[in-house]
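Here is a short briefing to read alongside the sequence and the coordinates. Please keep the viewer open as you go through the points.

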Amino acid sequence: MKLTERLSRSPYFGKNTDNKFLDLLLNLVFAQKINKGEFLVKAGEVCDRLIYIQTGLVRIFRTTEEKEITTWFVKEGNFIRTVNSFHLGVPSEESFEALEDCVIYSINKKSYYLLAEMSSQFAPF
């Protein structure tokens, strides 16, 4: 699902959302192709962006005593981030691995906070 379609169907962005806000949001996101097997975030890195999966499938996992424990799968049409890493700037305890070729959109932390200040509808993301 394309990002614009996802936002228009979201309970946070409905008919009451200012088009200027959505235009600004779309101008602040970065598109990127991720190949199967590549990592969007690796454990130990700081997750400094909110990620939208337009196409593909992503596995989120932790490594404990050299054993990988899958905690979540994220399919197209969903947002992901490592919450503590994103908001507190601490290293992520999880890795995000593309299980398929993906197209993602991401917004950096600074732009995220700018949009959250502009619209309470954006803050829950």
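Ser-85 belongs to helix α3, which covers residues 83–88. The model is a predicted one, and in it Ser-85 has a relative accessibility of 1%, so it counts as buried.

**Around Ser-85**

- The C-alpha atoms of Ser-85 and Val-46 are 5.5 Å apart, although 39 residues separate the two along the chain.
- Which residues is Ser-85 in contact with, leaving aside neighbours within four places in sequence? They are Glu-45, Val-46 and Cys-47, together with Val-90, Pro-91 and Ser-92.

**The fold as a whole**

- The protein has four helices and eight strands.
- Reading from the N terminus, the order of elements is α-α-β-β-β-β-β-β-α-β-β-α.
- The protein has 125 residues, and 40% of them count as buried.
- If you take the contacts between residues at least 6 apart in sequence, 71% of them join residues at least 24 apart.
- The exposed surface comes to about 7,600 Å², with carbon and sulfur atoms supplying 50% of it.

**Strand β3 and its partners**

- Strand β3 (49–55) is mostly covered, with six of its seven residues buried.
- β3 runs antiparallel to β8, and six bridges join the two.
- β3 is also antiparallel to β6 (residues 78–80), here through three bridges.

- In soluble globular proteins, nonpolar side chains tend to be buried together.
- The largest nonpolar core here has 14 residues. Those that touch the most other members are Leu-40, Ile-51, Ile-53, Val-58, Ile-80, Phe-96 and Ile-104.
- At least two residues of this core come from each of β2 (39–41), β3, β4, β7 (95–98) and β8 (102–108).
- Another core, of twelve residues, lies apart from it; Leu-3, Leu-25, Ile-107 and Tyr-112 are among its members.

- Strands β4 (residues 57–64) and β5 (residues 67–75) run antiparallel and are joined by eight bridges.
- Thr-63 has Glu-68 of β5 as its bridge partner.
- Two residues lie between the strands of this hairpin.
- What is the phi of Glu-65? It is near 50 degrees, a positive value in a residue other than glycine.
- Glu-66 likewise is not a glycine and has a positive phi, of about 65 degrees.

- Arg-59 is found in strand β4. Its relative accessible area is 11%, under the 20% cut-off, so it is buried.
- The side chains of Arg-59 and Glu-68 are joined by a polar contact of 2.8 Å.
- Beyond its neighbours within four places in sequence, Arg-59 is in contact with Glu-68, Thr-70, Trp-72 and Phe-73, and also with Ser-95, Phe-96, Glu-97 and Leu-99.

**Helix α4**

- In α4 (residues 109–118), the buried residues include Ser-111, Tyr-112, Leu-115 and Ala-116.
- Why do the buried residues line one face of the helix? Seen down the axis of α4, they fall within an arc of 140 degrees, so they share one face.
- On the other side of α4, Lys-110 and Glu-117 are exposed.
- At the start of α4, a side-chain oxygen of Asn-108 comes to within 3.3 Å of the backbone nitrogen of Lys-110.

Technical notes:
Residues numbered from 1 in each chain as written. Predicted model: local features only at pLDDT ≥ 70, side-chain atom pairs only at ≥ 80, totals over all residues. Heavy atoms only, no water. Buried < 20%, exposed > 50% of the residue type's maximum accessible area, 1.4 Å probe, protein only. Contact = heavy atoms within 4.5 Å. Areas by Shrake-Rupley, 256 points an atom, 1.4 Å probe, with all protein chains shown as cover. Pairing = 2+ DSSP bridges. Arc of directions from axis to C-beta. Polar contact = N/O pair within 3.5 Å; in protein donor to acceptor, adjacent residues only side chain to side chain. Core = buried A, V, L, I, M, F, W, Y, C linked by side-chain atoms within 4.5 Å.
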